[in-house]
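Dear colleague,

Please find below the structure that I am handing over to you, together with its sequence. My notes on it follow directly after.

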Amino acid sequence: MTDPIQLPALSTEKDFTGDAFSPLYTTTVTVVGGAVSHGRASGRARSSDGALDLDLRMPAELGGSGRGTNPEQLFAAGFAACFHGALSLLARQEALDPAAVSVLATVAFGRDPGDGGYLLHVDLVVKWPGVPRETATLLMERADALCPYARMAWRGTPTTITLAP
């Protein structure tokens with residue numbers, strides 16, 4: 001028998017008054033390069049707790065085999081799950097049932113016309129049958145302000161890159 005899944009004890013209240021970032025959860029994923037020493041093309045991603053352990057492969061559209069997960073799929077899954085969670089939390093606060101909510105995330109990898117580098121574009125589509133469009137739209141706007149992935153997309157995210165000793 002499995003234990004029932006518990007809802008997270010997170011809130012939308014402004015219940016933090018600190019003046020610095022306060023992490024609630026931290027995870028670490030290590031990517032190694034694999035057979036061709038290229039994390040995207042032949043890599044392996046493993047989380048520190050072992051819950052995530054998968055091969056990374058280039059999608060066929062980028063010249064790869066397409067026989068594995070790619071970073072854009074992982075990002076899309078994370079974004080969709082996070083936005084879904086934020087929307088579900090807000091729905092429950094409004095006494096709405098979020099059971100029918102689904103979030104489709106499309107992540108496009110492409111070239112930046114400004115400098116020739118690479119960019120991601122993200123499109124989220126929310127399906128919420130049985131809820132008035134106006135209500136769903138209002139809650140989606142609030143979820144956009146609450147979801148850390150959406151906040152990262154709008155504001156950027158603090159990032160450090162260092163070389164290990």
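Arg46 is partly exposed, its relative accessible area being 43%; here buried means under 20% relative accessible area, exposed over 50%, and partly exposed in between, calculated with a 1.4 Å probe on protein chains only. Asp53 is likewise partly exposed, at 35%. Arg46 and Asp53 form a salt bridge in which the closest N and O atoms are 3.5 Å apart; the term requires a side-chain nitrogen of Lys or Arg within 4 Å of a carboxyl oxygen of Asp or Glu.

Please note that this is a predicted model, in which local features need pLDDT of at least 70 and side-chain atom pairs count only at pLDDT 80 or more, while totals for chains, interfaces and linings use all residues. Residues are numbered from 1 along each chain as its sequence is written, and side-chain values use heavy atoms, with hydrogens and water left out.

Salt bridges

Side chains of opposite charge can pair when their charged atoms come close. How many salt bridges does a search of the whole structure find? The search finds five. One of them joins Glu94 to Arg142, with 3.4 Å between the closest N and O atoms. This pair links distant parts of the chain, since Glu94 lies in the loop between α2 and β4 and Arg142 in helix α3, 48 residues apart. Helices (H or I, at least four residues) and strands (E, at least two) are DSSP runs, numbered from the N terminus. Glu94 is partly exposed at 43% relative accessible area, and Arg142 is partly exposed at 33%. Salt bridges with shared partners also join Arg44, Arg46, Asp53 and Asp55 into one network.

A further salt bridge connects Arg40 and Glu72, whose closest N and O atoms are 2.8 Å apart. Arg40 is in helix α1 (residues 39-42) and Glu72 in helix α2, so the pair ties together parts that are 32 residues apart in sequence. Both Arg40 and Glu72 are buried, Arg40 having a relative accessibility of 19%. Not counting residues up to four places away in sequence, Arg40 touches Leu56, Arg57, Met58, Pro59, Leu62, Pro71, Glu72 and Phe109; contact means heavy atoms within 4.5 Å.

The nonpolar core

A nonpolar core is a set of buried Ala, Val, Leu, Ile, Met, Phe, Trp, Tyr and Cys residues joined through side-chain atoms within 4.5 Å. The largest has 20 residues, of which Phe83, Leu87 and Trp128 touch the most other members. At least two residues of this core come from each of α2 (71-93), β4 (102-111) and α3 (133-146), and α2 gives the most, with eight.

The axes of α3 and helix α4 (residues 148-155) come within 5 Å and cross at roughly 75 degrees; axes are lines fitted to C-alpha atoms, for helices over the stretch in contact, and angles run from 0 to 180 degrees between N-to-C directions. Asp144, Ala145 and Leu146 of α3 meet Pro148, Ala150, Arg151 and Trp154 of α4 in this contact.

Yours sincerely
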